[in-house]
Amino acid sequence: METLHNWLAIASVGLSGQRYLQLSEHMSLAELLALPASTLQQIGLTQRQAQLLCYEASAWVEQALQWQAEAADHAIIPFDHPLYPPLLKETRQPPLVLFVKGDAELLRQPQIAMVGSRSPSPTGRKVARQLAAELTQSGMLVTSGMAQGIDSECHLGALQAGGKTIAVLGHGLRQIYPSSNKRLAADIVQSGALVSEYFPNIRARAEFFPQRNRIVVGLSTGTVVVEAALKSGSLISAQLAVDYNREVFAVAGAFYNPQAAGCHYLIQQGAKLVTSVADILEERALFVDNGLLSQPEINSTLDLCSKQLLDNLDEQPIPADLLAERVGITVTDVSITLLELELAGKVAVVPGGYIRVRST
């Protein structure tokens, strides 16, 4: 691996991941850093980037290394690190370095992005928190941007469900924006991770937040839009997901709610309508097929819900709502468990409902 010092130096001048990959075909990072400013300009760096790299990068490197040394849960993940998320590398502009406060191991886990309005309706808040909680309970890792509104509700839902969550920030990790989310940020660090491409002392700026969104989406196998106006950053995130060939989900809202108009537009454009968490979890089969999720193993130590469902299934198809009534649990929990059993080859979907698959 290239040294961390070299990665930090090249990241400090704002070189894009795409441009680095082009240059890396011809030289190593060490060779690139040894070039004079005039040659750096000749190979495509701007005059400003060349001057920064030659004369100011060392101060940025020192700042970053000092921040890393301050706490055991501070990590710097360069592009060639084993923990660098493989899905993020597939995007057009992957950051060369990620700064992480919390559990850096989470970066490589399968994630689902959740985004939406900063000024959601009360219903939107409730839906976001509930969906995040149910996704967490199903084993998914919820990733969002810790903005006010839907983002914050999603993180809270994941935490309240006893899970972990990742927040991607549009500034350095020495600050928290908005300041009203300081408690939330502290809770996320204890049960997840804060992530940023920006050096620790960089303060929040408006133009950083759209850039942050590409990382939220790039980390994730799919993106759920809970509430969004027609012109919003959430629709930009959805378009990024399409560009990255990732699944897009949208929650429909009230006819007269302007914060639902963006979701309605996405559904018209082909996003999957979400009426419950089961609509999202149905796509786990796609994730498994693409190697983005491991297939769950169901064995003799089945949990109570799985055993109850299997005990109530035979060769005659039974719909999910009737199963829920029989075993006394919610339709959502039944749908989640049936999906896991289906992926494990224990049940099958047929006209009229579900049947049990007997091993031969």
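Residues are numbered from 1 along each chain as its sequence is written, and side-chain values use heavy atoms, with hydrogens and water left out. Because the model is predicted, local features need pLDDT of at least 70 and side-chain atom pairs count only at pLDDT 80 or more, whereas totals for chains, interfaces and linings use all residues.

Helices (H or I, at least four residues) and strands (E, at least two) are DSSP runs, numbered from the N terminus. An open sheet is formed by 9 strands in the order S1-S2-S6-S5-S4-S3-S7-S8-S9, with mixed pairing, where two strands are taken to pair if DSSP finds at least two bridges between them. Its edge strands are S1 (74-78) and S9 (272-274), each of which pairs on one side only. From one strand to the next the twist averages 25°. Strands of a sheet pair through backbone hydrogen bonds, either parallel or antiparallel.

Both senses of pairing are found along this order. S1 and S2 are antiparallel and share 5 bridges, with Leu98 in S2 as the bridge partner of Ile77. S2 is in turn joined to S6 by 4 bridges, again in an antiparallel arrangement, and here Gly102 has Ala193 in S6 as its bridge partner. By contrast, S3 and S4 run parallel and are joined by 3 bridges, Thr143 in S4 being the bridge partner of Ala113. S4 (residues 141-144) and S5 (residues 165-168) likewise run parallel with 3 bridges between them, and Ser144 stands opposite Ala167 in S5.

Helix H10 (residues 182-190) lies across S2 (97-102), S5 and S6 (192-196), running at about 115° to S6. Burial was assigned from relative accessible area (buried under 20%, exposed over 50%, partly exposed in between; 1.4 Å probe, protein chains only). On this scale, 5 of the 6 residues of S2 are buried. In a regular strand the side chains alternate between the two faces of the sheet. In S4 both faces are covered, with Leu141 and Thr143 buried on one side and Val142 and Ser144 buried on the other.

Two packed helices are described by the angle between their axes and the distance between the axes. The axes of H1 (residues 4-11) and H6 come within 8 Å and cross at roughly 120°, which makes H1 oblique to H6; angles under 35 degrees count as roughly parallel, over 145 as roughly antiparallel, 65 to 115 as roughly perpendicular and the rest as oblique. This crossing of H1 and H6 is right-handed, the near helix being turned clockwise from the far one by less than a right angle (left-handed if anticlockwise). Leu4, His5, Leu8 and Ala9 of H1 make the contact with Ala57, Val61, Ala64, Leu65 and Gln68 of H6. The residues of this contact divide into 7 nonpolar, 2 polar and no charged, where Ala, Val, Leu, Ile, Met, Phe, Trp, Tyr, Cys and Pro count as nonpolar, Asp, Glu, Lys and Arg as charged, and the others, Gly among them, as polar.

H6 (residues 57-69) also holds Gln63, which is buried at a relative accessible area of 13%. With residues up to four places away in sequence not counted, Gln63 touches Arg174, Phe199, Pro200 and Asn201. Gln175, in the loop between S5 and H10, is buried at 16% relative accessibility and, under the same exclusion of residues up to four places away in sequence, touches Pro200, Asn201, Ile202 and Arg203.

Most residues other than glycine have a negative phi, and most peptide bonds are trans. In the loop between S5 and H10, which contains Pro178, a cis peptide bond joins Tyr177 and Pro178, with omega about -5°. Met146, in the loop between S4 and H9 (150-160), has a positive phi of about 55° and is buried, with a relative accessible area of 0%. Asn245, in the loop between H12 and S8, has a positive phi near 60°, but Asn245 is exposed, with a relative accessible area of 71%.

Methods. Contact means heavy atoms within 4.5 Å. Axes are lines fitted to C-alpha atoms, for helices over the stretch in contact, and angles run from 0 to 180 degrees between N-to-C directions.
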